[in-house]
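Here is a friendly note to read alongside the model. Keep the sequence and the 3D view open, and take the points one at a time.

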Amino acid sequence: MKISVITVCYNSEETIERTIKSVIAQDYDELEYIIIDGASTDGTLDIIGRYRDKISVCVSEPDFGLYDAMNKGLERVSGEVFAFLNSDDYYADNVLRRVNECFQNSDADMVSGNMFICKNGVTTKAVYNKNKKENMFFQVVYPHPALFAKRELYKKYGGFDTSYKIAADSEWVMRVCFKGAKVLCVEDYFTYFSAGGLSSRKMYAALEEQYHVALKYAQLDKYTYMESEIQEFYSIELKKMEIRERYRNALEMRIEDVRKGFDYNHGYYIWGIGNRGRECLQSFEKLGLRVAGFIDSYAEIKEFMGYRVIKPGDIDNEKLICITPIGYEEEIICELKDRGIGKNRYFTYSDMVDAIMRLGEVEK
């Protein structure tokens, strides 16, 4: 079974070679590799040229955006199955062989795998809730960089709707799924995905587009009863996104005003080694605060994000403490009080975000 892999790129000289190498290194004979370049002006085309004998089709010309370029790739597909691999992502080893086996042993129209998320030098496994098709209204269920689809779906249902600038891939997946495409979900990690490509403003726009897509298919299909749930969910998520954007704007545009709210004469502990602890660290480092380490009551690890992890009993009372675990703030505050640490020595991450957020404004 021939598999066509499409990479769309524009000025991708820093990442495109890794992407290309991950495709041509696949141990799979029936591979068609298509690259659609948007007339790059950096060294992208020179890099592509080094591997031209391994690339089946290469087009370099101006386009009308990402999804126009992706449609150009679909028009040139000759394989039974196609997939898109972004120019800053890359495949794991022997993915195409495993995907072929999935199709050969099932009647699936699409095979959905999982992804590793690469961000700030850290690689984690992404988790997707694929149990119910209606989860697509609220979250990524079949991640596009790890999705392989039969070409007949494109012939039957068309390509990407270019009226969507950010969420056309989500719209396409919903379209074919709600038209009856069968998806085989496998607990296999196909793709390394590079996170952080969208600016904060584009993230907000992406969520808005996703909202419109979700409503569109809830109204057209048998899920009209979910419209109110969809509206409530996106109303909350858009508000959260707006708060995060204000927070980022404050750190980027009013950082000196933000710094006035911190004590630079003392070091800081971050209580909690979860995602919020990581986010707090990123903010502290951006602000130039001295981070003494992390505090965690249960973890046995001794180091997190390059910093020492200590138990509450080892706290240096001269340091200030930011409490990050949501839902446990009062419990942690009680423990700090029991240890004789005054309330002027600690604060919650939630309160810190609120204070910083008020200095930022969302551009409309």
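1. Start with E209, which touches Y164, K165, I166 and A167, leaving aside residues up to four places away in sequence. Touching here is a contact, meaning heavy atoms within 4.5 Å. E209 itself sits in helix α7 (residues 200–220). Helices (H or I, at least four residues) and strands (E, at least two) are DSSP runs numbered from the N terminus.

2. A word on what you are looking at: this is a predicted model, in which local features need pLDDT of at least 70 and side-chain atom pairs count only at pLDDT 80 or more, while totals for chains, interfaces and linings use all residues. Residues are numbered from 1 along each chain as its sequence is written, and side-chain values use heavy atoms, with hydrogens and water left out.

3. A salt bridge is a side-chain nitrogen of Lys or Arg within 4 Å of a carboxyl oxygen of Asp or Glu. The backbone of K165 does meet E209, though: its nitrogen lies 2.9 Å from a polar atom of the E209 side chain.

4. Side chains of opposite charge can pair when their charged atoms come close. The structure holds 16 salt bridges. One of them joins the side chains of R98 and D188, at 2.6 Å from N to O. This pair links distant parts of the chain, with R98 in helix α4 (residues 95–104) and D188 in strand β9 (residues 183–194), 90 residues apart. R98 is partly exposed, at 24% relative accessible area, and D188 is partly exposed too, at 22%.

5. R246 and E242 both lie in helix α8 (residues 227–253), four residues apart, about one turn of the helix. Their salt bridge has its closest N and O atoms 3.1 Å apart. R246 is partly exposed, with 26% relative accessible area, whereas E242 counts as buried at 13%.

6. K319 and D316 also form a salt bridge, with the closest N and O atoms 2.8 Å apart. D316 is partly exposed, with a relative accessible area of 30%. Elsewhere, salt bridges that share partners join E171, R175 and K216 into one network.

7. Finally, zoom out. The chain has twelve helices and 15 strands, and buried residues make up 49% of its 364 residues.

How values were computed. Buried < 20%, exposed > 50% of the residue type's maximum accessible area, 1.4 Å probe, protein only. Polar contact = N/O pair within 3.5 Å; in protein donor to acceptor, adjacent residues only side chain to side chain.
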